[in-house]
Amino acid sequence: MRAVRCVGKRVEVCDVARSRAEGVRVAIPSAGICGSDLHLLASDFALPFVLGHEMAGELSDGTAVAIEPLVPCGHCDRCRLGEYHLCRAGISILLGFGRDGGMSEEIVVPERCLVPLARGVSVRDACLVEPLAVAIHGLRRASIRGGLRVARAARGDGRRA
């Protein structure tokens with residue numbers, strides 16, 4: 001199957017074997033390019049994995065899903081506390097960085113990674129669910145809500161208005 005990999009400091013479309021991992025097979029029509037992917041390419045840490053942690057796809061029955069790009073161990077102290085995003089397994093839990101991601105024709109993931117899309121949400125646009133979730137999480141942590149001023153406009157001389 002066709003996939004996008006980081007080869008040196010370049011992106012390369014190549015053929016890779018279909019996954020034989022246990023889990024749910026998802027056809028991927030939608031994968032985003034994140035700033036993290038670009039930083040990876042510019043770094044000296046090019047990993048030998050299929051890129052893509054922002055993705056959406058369709059199950060064999062036609063169900064449209066977004067995919068949470070974390071595959072935590074489920075057994076460490078962090079996972080047991082519900083903080084699976086801080087899993088002790090480290091980068092190996094992150095699709096597109098520590099294991100093959102979604103810039104491919106399909107991916108196999110644990111069922112817990114699947115987030116069914118609401119009616120009317122296009123699977124082709126749904127690769128934006130992950131970055132949207134990150135932004136909403138940040139807003140919630142900062143307690144930002146409608147009508148709250150978070151920045152002041154600067155005047156032309158650089159001073160605050």
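Before you click around, some ground rules. You're looking at a predicted model, where local features need pLDDT of at least 70, side-chain atom pairs count only at pLDDT 80 or more, and totals for chains, interfaces and linings use all residues. Residues are numbered from 1 along each chain as its sequence is written, and side-chain values use heavy atoms, with hydrogens and water left out.

**Stop one: the whole chain.** Switch to a cartoon view and select everything. You'll find three helices and seven strands, in the order β-β-β-α-β-β-α-β-β-α from the N terminus. Helices here are DSSP runs of H or I with at least four residues, strands are E runs of at least two, and both are numbered from the N terminus. The C-alpha trace spans about 60 × 40 × 35 Å along its principal axes. Of the 161 residues, 34% are buried (under 20% relative accessible area; exposed is over 50%, partly exposed in between, with a 1.4 Å probe and protein chains only).

**Stop two: the largest pocket.** Select E68, L70, E130, A133 and V134, which lie nearest the centre of the largest pocket among its 21 lining residues. The largest share, eight residues, comes from α3. A pocket is an open set of points on a 1 Å grid over the protein atoms alone, where a 1.4 Å probe fits and protein lies on both sides within 12 Å along at least five of seven lines; lining residues have an atom within 4 Å of a point.

**Stop three: S143.** Move on to the segment after α3, where S143 sits. Its phi is near 55°, a positive value in a residue other than glycine. Most residues other than glycine have a negative phi. S143 counts as partly exposed because its relative accessibility is 48%.

**Last stop: G98.** Jump to the loop between α2 (77-80) and β6 (106-109) and pick G98. Is G98 buried or exposed? At 15% relative accessibility, G98 counts as buried. Leaving aside neighbours within four places in sequence, G98 is in contact (heavy atoms within 4.5 Å) with F49, I91 and S92. Finally, select P48: its C-alpha atom is 8.7 Å from that of G98, though the two are 50 residues apart along the chain.
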